[in-house]
Amino acid sequence: MVLTTGKSKFACLLCIGMIMMVMTESYAQYFGRNKPRYRTFDFEVYKSPNFEIYHYLDDDSLLNDYAQECEHWYEMHQEVFHDTFTRKNPMIFYNNHADFQQTTAISGTIGVGTGGVTEGFKNRVVMPFMESREQTSHVLGHELVHAFQYHMLIEGDSTNINNIRNLPLWMVEGLAEYMSIGQIDAHTAMWMRDAVLNKDIPSLRDLSVNPNYFPYRYGQAFWAFLAGTYGDEVITPFFKGTAMVGLEEASRQLLGLKLKELSERWQASQKEYYKPMIAGHNDKPIGKQLFEDKNIGKTTISPSISPDGKYLTFLSEKNVFSIDLFVAEAKTGKILGKVASTVTDGHIDAFSYLESAGSWAPNSEQFAFVIFKKGENRLLIKDVLKGKTIEEISIPGVPSFSNPAWSPDGKNIVVTGLVEGHSDLYMYNLKSKKVKRLTSDYYSDLQANWSRDGKKIVFSTDRISVDEGRTHGKLKFNLAILDVASKEVTNIPIFKGSDNMNPQFTGGEEPSIIFLSNRDGFRNMYRYDLNTEKVFQLTNFFTGISGITFYSPAITISKRNTVIYSHYLKQGYTLYKSRLSNFEEVEVVADEIDYKPSILPPLKQNTTKIVASNLEGFDDMARMPADSFSTDRYRPKFKLDYVGGSTGAAVNTGGYGTAAGLAGGLEMLFTDILGNNQLYGGLALNGTIQDFAGQLSYLNQKRRIAWGVGFSHIPFTSGSVNYAGFDTLYSQAGPLLTERVEYYLQRTFEDKLSLFSFFPISSVKRVELGGSVAMYNNRIDRYDNYYYFNELVLQEREKVASGGGFWVQTLNTAFVSDNSFFGVASPLQGHRYRVGFEKYFSGLNMHSFLLDFRKYWYFRPVNISMRGMHFSRFGKDAENLFPLFVGNPIWVRGYNPNSFRQRTVLEANDLSINQLIGTKLAIGNFEIRLPFTGPKRLSLIKSRFLLTEFAFFVDGGVAWFNLEDFKLEEGFTNGFGVKPRPVFSTGASLRVNVLGALVLEPYYAIPLQKRTTGSFGLNILPGW
């Protein structure tokens, strides 16, 4: 049997059609958010003895300061780890967090709360300059601990990068916090006092499995306990031991303790140290609680009260999936509405919620807050009660800023601006659109607020600490007042060596300043009298007043002295309202400091304290001479990031005879140091040498529009059988009458060159464009099998003519939008849609159109989801391809013809498969989803490991070839098709998220037909 050229091409087209159908079903993978690159960064290289610093900072002096700090941290960490970098470690600095969010060195999305990232393969530290020098220094020290951790594991004699799987996250991150902050940390101590007060000190096993315990804080407290008990020399062997044999065995081998015993000792140390401190403190909040946890969640932060005291804006996780901005009545706590949300405001990439609050206009109607958009911070002004956007402002020359403060006359807004690594106060005039720099110096100036007469600005600054030296290795924040007219700055020298944050002018004829301080190790509210220069303590909480970090704004006050503050308790943040006069004032000494409550236990004097000693001596470390540093131009330095794959051998004794083959694959990924360029290569051999497949692709992400090119060689295999009748074989024994069966094995070889590009408009929208040129060739092998009484007696193989190959060219484009939020097994809030068009030329003449729209509404605890999808093929070859089948279970469940029961449904209702196929398809789906087991705030039943979701569904769809087919009489055929029949089904499914790797969906579907038989099925994919 010889296939003609036409038949060969048709078989090839069928194969391509089947591939296209699968690709059509996989469009869900083309959803997802983007990481736009709004700017092109021209990096240079600054070399120190142990680091290559990639940067685009213009300030050479500041760059040298941070290079010196890199070397200081290296020397400090090296003393603990006893490890030496064998080559210069790469450091990638971005000028601000908005730039950092666009990095291509890290493939994943960078959130607002991410301070820095250390990547393992190249051991790259990637981080931004922060709003204060202390924040930058801390992140730098933290990430360099990770660099040592990776280096020890990768370069170790008995370890490799896979050993990091044995390390709980709290051990990794906690050690980085301990070595960069030390044992004295008022913020982490507040968390631990809260755990003692509420009898919620986790065991070490709890820390490893329960996500409710933040790994940074509790991990830092554990390492402070371990190092405080055994000395800092225990750090390296315990860390490496855990990486090699696991936590439990490392505890037994190195400490002689079972894990349970170690856990109990760590819990006991917290109780013994902090419990006696409870006496003398009153943790009953002052004032009225504004919101209940069950209605709004545990994270209610960044309060800002309107000047008239009527309204309150705040950020909250009320909607579970995102931090949104709400407005409420300040008197009652009644929520009036949502001011802004990243779900509904698709043009906003993110809110600056972590360490920034907004500011009200003097008329108490408009509100200004900071957003991330198009690679910079912008000021968004809204009419709060109407929900209308008044203005969106880019402050000229200040791409990164926070904590806006509206002047009492309504003309100006002051912000903390970060420009070229320096943090200063800037004033923006709303009418002239001009910017005035109010401070310009080496210091970090934060959290500015106006006096009621508009003549002065109070703010937090590290001026005294920079001039007089760090405390326990950290720059501390004092209060200062700026005279707006003269720009003269006056320091307020109280509580030196503590952090004095979030200052606010009070109202009244004789204003004073309220602020937060940890001067006695606790975080409480104080008032400073400007006339008498006396200080009064207003609260005496055992935990404290705080936001997510101690830089987060946590108090706000109106003109009439109504105070709203954020109280930290039970790992949550709750807002309370009170008149200023209701706080019981206690005068305190302005230079009285007590660090004991901010120490992480235990307090042993006979252990080695390398970390504490190094932190105390940070200012005294010698600076390296100028000739230790040099500059160089940027070179990509392509290196292997990943290599993987598997190989094997097999012997096939199936219907095509006995043949040996290989099965295996190899994947390699190369990137440059900044991640701008990626090169991927993949090889696979599954079968004989003819089944070799390979792919090589290149991606360039340096500019706004990313583009790439790829080449692939892929074989697709299909086959057929032909009964050739009787044939006579001749042998020495004489003639033998046999039956001959012909098996045809067809391989279609696709050699394709592809070009592709995508343009991220924002984090949720993008445009895709691509094209390809592909050559399709066939190879057909015929196997003649001779059977004598059903026994194979001879097999012959012959390569038969397969006709010539042909070319196919394509162009495709798509517009994609996705602001959805994923639950345990499917999206639960937001929307997704994709509009796509593809044109085929030359050997395949057709084009296709796709419209896929999905909408999700979340009404705790249930979700309502709807999908509408249309896919069409048009053109000369549209009907030559494998048709689309509406009964595919990822479209309409219950009509899959591959089982006897579904066939019965079709036949019993006079349905033909031909009525359910076509070149065009319309699908509609409706689901009610109930997260059943999983995270507490999301699911009906709390579970740490089992993530499941119930879904009740109604599916519907119709397939057709031409619109005229709908006019046909029942049973009358028109070429390939008959009159199309819309089909519907209903049923229920249970989606199970298996370790985040895949989602299994067993379902029971009932076709909505007169004579119905339900059926079970299984999908292996997340909910649409």
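1. A salt bridge is counted here when a side-chain nitrogen of Lys or Arg lies within 4 Å of a carboxyl oxygen of Asp or Glu. In this predicted model, the side chains of Arg 747 and Asp 781 meet that rule, with N and O 3.3 Å apart. The two partners belong to distant parts of the chain, since Arg 747 is in strand S39 (residues 734–760) while Asp 781 is in strand S40 (residues 765–788), and 34 residues separate them. Both side chains belong to covered residues: Arg 747 is buried because its relative accessible area is 6%, and Asp 781 is buried because its relative accessible area is 1%, where buried means under 20%.

2. How many salt bridges does the rule give in total? The count comes to 50 salt bridges, and one that a reader may wish to look at joins Asp 632 to Lys 47, with a distance of 3.4 Å from N to O. Asp 632 sits in strand S33 (residues 630–633) and Lys 47 in strand S1 (residues 44–47), so this pair ties together parts that are 585 residues apart in sequence. Asp 632 counts as partly exposed, at 24% relative accessibility, and Lys 47 likewise counts as partly exposed, at 21%.

3. A further salt bridge is formed by Lys 476 and Asp 499, whose closest N and O atoms are 3.4 Å apart. Lys 476 is placed in the loop between helix H13 (463–468) and strand S22 (478–483), and Asp 499 in the loop between strand S23 (489–492) and strand S24 (500–505), so the contact ties together parts that are 23 residues apart in sequence. Although each of the two lies in a loop, Lys 476 and Asp 499 are both buried.

4. Salt bridges can also be joined into a network, and here one links Arg 893, Glu 927, Arg 929, Glu 949, Asp 955, Arg 991 and Glu 1001.

5. Strand S51 (residues 947–960) is mostly covered, with ten of its 14 residues buried. Strand S49 (residues 920–934) runs antiparallel to S51 and is joined to it by 13 bridges. S51 also pairs in the antiparallel sense with strand S52 (residues 983–994), over eleven bridges, and within that pairing Thr 948 stands opposite Val 992 in S52.

6. Is strand S18 (residues 422–429) largely enclosed or largely open? Seven of the eight residues of S18 are buried, so the strand is largely enclosed by the rest of the structure. Strand S17 (residues 412–419) pairs with S18 in the antiparallel sense over eight bridges, and Asn 412 has Asn 429 in S18 as its bridge partner. These two strands form a hairpin with two residues between them, and in the turn Glu 420 has a positive phi of about 55 degrees.

7. S18 is also joined by three bridges to strand S19 (residues 435–437), again running antiparallel, and in this pairing Tyr 428 stands opposite Val 435 in S19. The hairpin of S18 and S19 has five residues between the strands, and Lys 433 takes a positive phi near 65 degrees.

8. Another hairpin is made by strands S36 and S37, with four residues between them. S36 (residues 677–687) and S37 (residues 692–700) pair in the antiparallel sense over nine bridges, and the bridge partner of Asn 677 is Asn 700 in S37.

9. A patch of negative charge gathers Asp 42, Glu 44, Asp 58 and Asp 60. Of these, Asp 58 is found in the loop between strand S2 (51–55) and helix H2 (60–81), and Asp 58 counts as exposed because its relative accessible area is 62%, where the cut-off for exposed is over 50%.

10. Arg 944 lies in the loop between strand S50 (941–942) and S51, and at 40% relative accessibility Arg 944 counts as partly exposed.

Notes: Residues are numbered from 1 along each chain as its sequence is written. This is a predicted model: local features need pLDDT of at least 70, side-chain atom pairs count only at pLDDT 80 or more; totals for chains, interfaces and linings use all residues. Side-chain values use heavy atoms; hydrogens and water are left out. Two strands pair if DSSP finds at least two bridges between them. Buried means under 20% relative accessible area, exposed over 50%, partly exposed in between (1.4 Å probe, protein chains only). Patches are made of residues with over 30% relative accessible area and no salt bridge: like charges are joined within 9 Å, nonpolar side chains (Val, Leu, Ile, Met, Phe, Trp, Tyr) within 5 Å. Accessible areas come from the Shrake-Rupley method with a 1.4 Å probe; for residues, only the protein chains shown count as cover. Lys and Arg count as positive and Asp and Glu as negative; His and the chain ends are not counted. The place of a charge is taken as NZ of Lys, CZ of Arg, CG of Asp or CD of Glu.
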